[in-house]
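Biologist: Please show the sequence and the structure, so that the questions can follow.

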Protein chains: 4
Amino acid sequence: MQSRSPASRTGRPRSAAADAAILAATRAALVELGWSKLTLGDVATRAGVAKTTLYRRWAGKNELVVDAVAELFDELELPDSGSLAADIEGVVLQFATILARPEARSGLMAVVAESTRDDALRERIRESIVNRQKRLVVEGRTRAQARGELPPETDPSESARTVDLIFDVIAGAVVHRALVSAEPVDATWAWSLTALLLNGLAAAAAV
Amino acid sequence: MQSRSPASRTGRPRSAAADAAILAATRAALVELGWSKLTLGDVATRAGVAKTTLYRRWAGKNELVVDAVAELFDELELPDSGSLAADIEGVVLQFATILARPEARSGLMAVVAESTRDDALRERIRESIVNRQKRLVVEGRTRAQARGELPPETDPSESARTVDLIFDVIAGAVVHRALVSAEPVDATWAWSLTALLLNGLAAAAAV
Amino acid sequence: MQSRSPASRTGRPRSAAADAAILAATRAALVELGWSKLTLGDVATRAGVAKTTLYRRWAGKNELVVDAVAELFDELELPDSGSLAADIEGVVLQFATILARPEARSGLMAVVAESTRDDALRERIRESIVNRQKRLVVEGRTRAQARGELPPETDPSESARTVDLIFDVIAGAVVHRALVSAEPVDATWAWSLTALLLNGLAAAAAV
Amino acid sequence: MQSRSPASRTGRPRSAAADAAILAATRAALVELGWSKLTLGDVATRAGVAKTTLYRRWAGKNELVVDAVAELFDELELPDSGSLAADIEGVVLQFATILARPEARSGLMAVVAESTRDDALRERIRESIVNRQKRLVVEGRTRAQARGELPPETDPSESARTVDLIFDVIAGAVVHRALVSAEPVDATWAWSLTALLLNGLAAAAAV
DNA sequence: CACTAATCGAGACGGTACGTCGAGTCTTTCA
DNA sequence: TGAAAGACTCGACGTACCGTCTCGATTAGTG
């Protein structure tokens, strides 16, 4: 989020409502216009706020959109459907549902694109989005271990590498399927991906 | 590429050199400036060409960059290293090498981002990039079948679905690892991904 | 008019029809668009001629329009209505009629405006328009002298100065009235101007 | 001048200095480049102002130049030299002096030329230039009447017609002489014109 | 009759300016 | 002193014409 000067006791305090209004307006504008046609002046107008106010709180378009988009992915939840396979399948479909929303598609890819040249932005994305959602993989594995579907981990660094791999494969495959290949992420495809993953992991564990 | 009125016998013909100069200038500008700061006026200047010439041939920034980026991926080749595992690993590392180049990173993600709101652009990407590189997966499987590493396919539609799945998983995972997670795509990681894939496929085939 | 390289005996001769078509198209375009929105490309299209053909014959917009406008004023004629007063009045009204046509208004003023910075153009206007119409004043005086309304001239240089003065006053006043003051040049006004002139000349002659 | 939304209390007020700088820059550019090569971008640069600021205040080239040129003619003054003849001669020579300046020649004729197709512009010229300078004729007659050189007027509408006629004749003749005939407006010529006018008026009054 | 050289149409070329738009900053007045 | 309003500078946009150029295809005269 944005920071503010620490010790400003005096003066008119910043409107708390403004922040929410601006982020909501940003998402609404993303839906209607997409990233490239979204203008900060327009966001300010929609939010009933002066452009100055907006610039006082965010450094620019990228930062604003990261914040507006990040919380979209917070609604992802591990369904706990009783089996690891069903858990994965559920998350995949949830993720696809979110990516079906135009503000999520446009916003996510736009900030990722910008981050290819802006390290600070990339770090912001890692914090706000990537690492935040990695919890799903960790939690899924924990549950599967509790159910006895997966063996308990032994090597912690090997374990972290596996989490990263799984996350990149799931998130990458879903995004690529949905946005680049432009094919539907439906139950059939989700099941295929799940099967591939589980079989791959099981075989690896068997080694 | 851009198309032109089909049978225009008369008039001064378009300069063939201009096309190449423009695409090269586009890639150079992408390296230096990145997508968002790249201007068509600047590209025209670098190419030693008038802005009008550029607009006569491409509809806009997106179309131009797709064409400029697409051929970057044409240098991908299946190494034929004797085993399916080595083939996959080789392609993954080649892909990562290309994505390490700034013009490829910025350009690819930028056009994908724009394509989330522009169906024509998405189709152009599918034609120029996605489907063109899917050949690698098909060829890899053919070779593996020839070697006996994979069984011959029986159901052709099932076969096409598998190609798509593999492609989305490999391309998606590499892109996500490189650009979103921002972790290195090195030999270790490539081997892990390859192992996951091969084990998954083998187990699926065993069913 | 335009000139051509003197000794070109061989080769395809220039189309005579093209010249007329171009001048007519120029006048038509002046009516519809006015000077500033008239483009040579459009004139060429209207004339069914390539831009190259047009540029081969005229140096630019100004030269073309001078030629196109000049002949509009050739239809001015001294009515010979039996008295000097009626002659003047007739010419004034004829002049006003021509100036009521949009191509004459726009074209004449546009080239005059351009000529304020282009001596060659000013000279061309003098030759093609101003001096050509000065004949009307000379002829009117000759007739009036024949009728005994004006005394025969004695000093030829004084005589030339008077012709110039009369011409500037008549042409200037009519143009100013019609185009700058934007008031109608009707019979009443024409009579007032004529009276002013004749009285002024008579009193001067009486000295 | 340009107008603005009437009661806008809030917001940053328009810079008063910018107006003057823009008009001065316009006149300077007219001197150097003339009407047709004058570009609004260049004017903005000279004035140290952004192009948008210029467009916010004037609708286009024509409107801007009318305003810039109009005040050039405000320096015209009736000399009050003791006789009507000397007054007229003085004004004629003053007018010629102004028309000798390139920005006045180019600017005046250019806007008049444009006004032949643009009624709003013509009206603007009438207000800003024509009617404003007609005061000179009115004042000259008033003084002459006070001196007894001219009889007091009886019919007011007849009187207005005479003012218009005199104005068209003087202004038209001077402009025509200076810009179309391209002959010098010197004392000799000024005296001839004055004599013609005064004799004509005197004879008319004698009727 | 073929040759030849300048013409013709068409339209792409390198330029220049257009008028608009958005970014981000600055300067007011109001609360 | 924060917030709204809106003018400010800056720079890119995509378009329109400019005047030039390169084409292939016509035309006369000339040889």
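Biologist: Does F95(D) count as buried or exposed, and at what relative accessibility?

Modeller: This is a predicted model, in which local features need pLDDT of at least 70, side-chain atom pairs count only at pLDDT 80 or more, and totals for chains, interfaces and linings use all residues. Residues are numbered from 1 along each chain as its sequence is written, chains are lettered from A and ligands numbered from 1 in the order in which they are written, and side-chain values use heavy atoms, with hydrogens and water left out. Buried means under 20% relative accessible area, exposed over 50%, and partly exposed in between, with a 1.4 Å probe and protein chains only. F95(D) therefore counts as buried, at 12% relative accessibility.

Biologist: How many aromatic pairs does the structure hold over all chains?

Modeller: Rings of Phe, Tyr and Trp (its six-membered ring) pair if their centres lie within 6.5 Å; planes under 30 degrees apart count as stacked, over 60 as edge-to-face and the rest as tilted. Over all chains, the number of such pairs is four.

Biologist: Which kind of aromatic pair do F73(D) and F95(D) form?

Modeller: The ring centres of F73(D) and F95(D) are 6.0 Å apart. The angle between their planes is 65°, and the pair is edge-to-face.

Biologist: How many residues apart in sequence are the parts that the pair of F73(D) and F95(D) ties together?

Modeller: Helices (H or I, at least four residues) are DSSP runs, numbered from the N terminus. F73(D) lies in the loop between α4 (61–70) and α5 (84–100) of chain D, and F73(D) is buried, with a relative accessible area of 3%. F95(D) lies in helix α5 of chain D, so the pair ties together parts whose separation in sequence is 22 residues.

Biologist: What percentage of the atoms of DNA strand E that come within 4 Å of the protein do sugar and phosphate account for?

Modeller: The count concerns the atoms of DNA strand E that come within 4 Å of the protein. Sugar and phosphate account for 65%.

Biologist: How far is a polar backbone atom of G48(C) from a phosphate oxygen of DNA strand E?

Modeller: A polar contact is a pair of N or O atoms within 3.5 Å; within protein, one must be able to donate a hydrogen and the other to accept it, and residues adjacent in sequence count only if both atoms are side-chain atoms. For G48(C), the distance from the backbone atom to the phosphate oxygen is 3.1 Å.

Terms used:
Near = heavy atom within 4 Å. Helix = DSSP H or I, 4+ residues; strand = E, 2+ residues; numbered from the N terminus.
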